[in-house]
Amino acid sequence: MTERPPISPRSPRAALEPEQVPPPPKRSARVRNPLVVAGNAIITVLLIGMLGAGGVFFYGKQKIEAPGPLQDEKIVNIPARAGMNDIAEILQREGVIDDNRWAFIGSVFALKARADLKPGEYAFQKQASLREVIGTIVEGKVVQHPVTIPEGLTSEQIIERLSENEIFSGTVREIPREGTLLPETYKFPRGTSREQVIQRLQQAQKRVLAEIWERRASDVPVKTSDQLVTLASIIEKETGKADERSRVAAVFANRLKQKMKLQSDPTIIYGLVGGKGTLGRPIKRSEIMQGSPYNTYVIEGLPPGPIANPGRASLEAAANPARTRDLFFVADGNGGHSFTETYEQHQKNVARLRTMEKQIQNDAVEPMEEPAPAVAPATPETGATQDEPAPKPAPRARTRPNR
């Protein structure tokens, strides 16, 4: 009979515990496969990347759409050949974007706009967002500067104005032919070349002249559109009042039809100074009958070319003059003109103007302070001696008794 081992007393807790802990189960061969391990790692990285990208996208979207730091509308010039970093620096310096220029650079990449950033002068609105700032530059919404070319300037005077305007670049190779530029208000971006400006003015003049020539009156006494420009240039220099242009045109049209000399003082001045436009002093009596291809006191009919660049209104007046029998006009002393059909009535108007001028001179306390007119006309009725200038007309009045 064998002996049993002695039974050791155990506590109730110990009795519940297994006598031997089973070994952990072995990992399957599939789980230990390197491809599975690598796949799990890749999925984990992708998930983390997606979460990160989502966070970046959300932050970037908020940053692109958020109002910018600009407190008021501002014009900023981005020079040619400026790179993305240069643009960011300029915008940051001008306060269009905040100090974090990398946000601008990142937004440019996010919007795929790097290759589309254009130089120019841009107006950025108050609190413009990065999206709005980049959109403005990409679309090329450059500032358009209004430039007014007044009616009645010569081509030389227009070129001088363009040369003095700092928004334009380059030089003009030669002065355009008189009468080929259309006076008007145009809009140009900064940096436009002066040659391009000239081309635009010439194209506008050709277009407008062609339209007006097509609807001219059938009895207008000019044979070509060039002659129409010449007549319109004289009308332009004779009056600046809109409601008088067609009547002045009628006077010259009637004179041309009756083979009368036009006797226009501005043609004398152009014959003396050409494209400079202004004489700078009154016309001398001896200059009235001085020989010149442009002096219509001497020549018959129209001068050989325009004496200025007429505007649309004067071209319209030359093509469709008023239906009157007027052959004479003279300043009325109030900024306009008096028109008459007969020389006798015209002489009365001239006498009335002379009386008005003398009265104004007598009433003037300090006659020397009266501003001298830019162009003072001279006529046979002035009473000036052979080489004396004609007397100064009344303020705002131009003495022009055409005979």
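Close-up 1. With a relative accessibility of 70%, K259 counts as exposed, because exposed begins over 50%. In this predicted model, K259 sits in the loop that runs between α9 and α10, the latter spanning residues 265-273.

**Close-up 2. Q127, a partly exposed loop residue.** The loop between β2 and α5 is the place of Q127. Its relative accessibility is 38%, and Q127 therefore counts as partly exposed, a class that lies between the limits of 20% and 50%. The phi of Q127 is near 55°, which is a positive value in a residue other than glycine.

Close-up 3. Strand β2, made of residues 120-124, contains E121. Is E121 buried or exposed? Its relative accessible area is 8%, so E121 is buried, given that buried means under 20%. The side chain of E121 makes a polar contact of 2.6 Å with the side chain of H145, and another polar contact, of 2.9 Å, joins the side chains of E121 and R190. When neighbours within four places in sequence are left aside, the residues in contact with E121 include I75, V76 and N77, together with K141, V142 and V143.

**Close-up 4. Strands β1 and β2, side by side.** The two strands β1 and β2 run antiparallel and are joined by five bridges. One of the pairings that can be followed here is that of I75, whose bridge partner in β2 is A123. Strand β2 is mostly covered, with four of its five residues buried. Both Y122 and F124 are buried.

**Close-up 5. Helix α3 and its buried side.** Helix α3 covers residues 84-93, and within this helix M84, I87, A88, I90 and L91 are buried. Why can these residues be described as lying on the same side of α3? They cover an arc of only 165° around the axis, and therefore they lie on the same side of the helix. The elements against which the buried residues of α3 pack are β1 (74-78), α4 (101-110), β2 and α5 (130-139). After α3 comes G95, which has a positive phi, near 80°.

**Close-up 6. The largest nonpolar core.** This core has 44 residues, of which L162, L201, L228 and F252 touch the most other members. Two or more residues each come from α6 (155-164), β4 (185-189), α7 (194-214), α8 (225-238), α9 (245-257) and α12 (312-319). Which element gives the most to this core? It is α7, with eight residues. Not counting residues up to four places away in sequence, L201 touches I149, I158, T180, L181, L182, Y186 and F188. Another core, which lies apart from the largest one, has 23 residues, including L70, M84, F104 and F124.

Close-up 7. Although I235 and P310 are 75 residues apart along the chain, their C-alpha atoms are separated by 8.1 Å. With neighbours within four places in sequence left aside, I235 is in contact with R245, V248, A249, F252, S314 and A318. Both S314 and A318 are among the buried residues of α12, and the others are L315, A317 and A319. The elements that cover the buried residues of α12 include α7, α8 and α9.

Close-up 8. The model has seven aromatic pairs. One of them is formed by Y122 and F124, a tilted pair with 6.2 Å from centre to centre and 40° between the planes. F252 and F329 form an edge-to-face pair, with 5.9 Å from centre to centre and 80° between the planes. This second pair links distant parts of the chain, as F252 belongs to helix α9 and F329 to strand β5 (residues 328-331), 77 residues apart. F252 and F329 are both buried.

Conventions: Residues are numbered from 1 along each chain as its sequence is written. Side-chain values use heavy atoms; hydrogens and water are left out. A nonpolar core is a set of buried Ala, Val, Leu, Ile, Met, Phe, Trp, Tyr and Cys residues joined through side-chain atoms within 4.5 Å. Buried means under 20% relative accessible area, exposed over 50%, partly exposed in between (1.4 Å probe, protein chains only). Contact means heavy atoms within 4.5 Å. A polar contact is a pair of N or O atoms within 3.5 Å; within protein, one must be able to donate a hydrogen and the other to accept it, and residues adjacent in sequence count only if both atoms are side-chain atoms. The arc is that of the directions from the helix axis to the C-beta atoms. Two strands pair if DSSP finds at least two bridges between them. Rings of Phe, Tyr and Trp (its six-membered ring) pair if their centres lie within 6.5 Å; planes under 30 degrees apart count as stacked, over 60 as edge-to-face and the rest as tilted.
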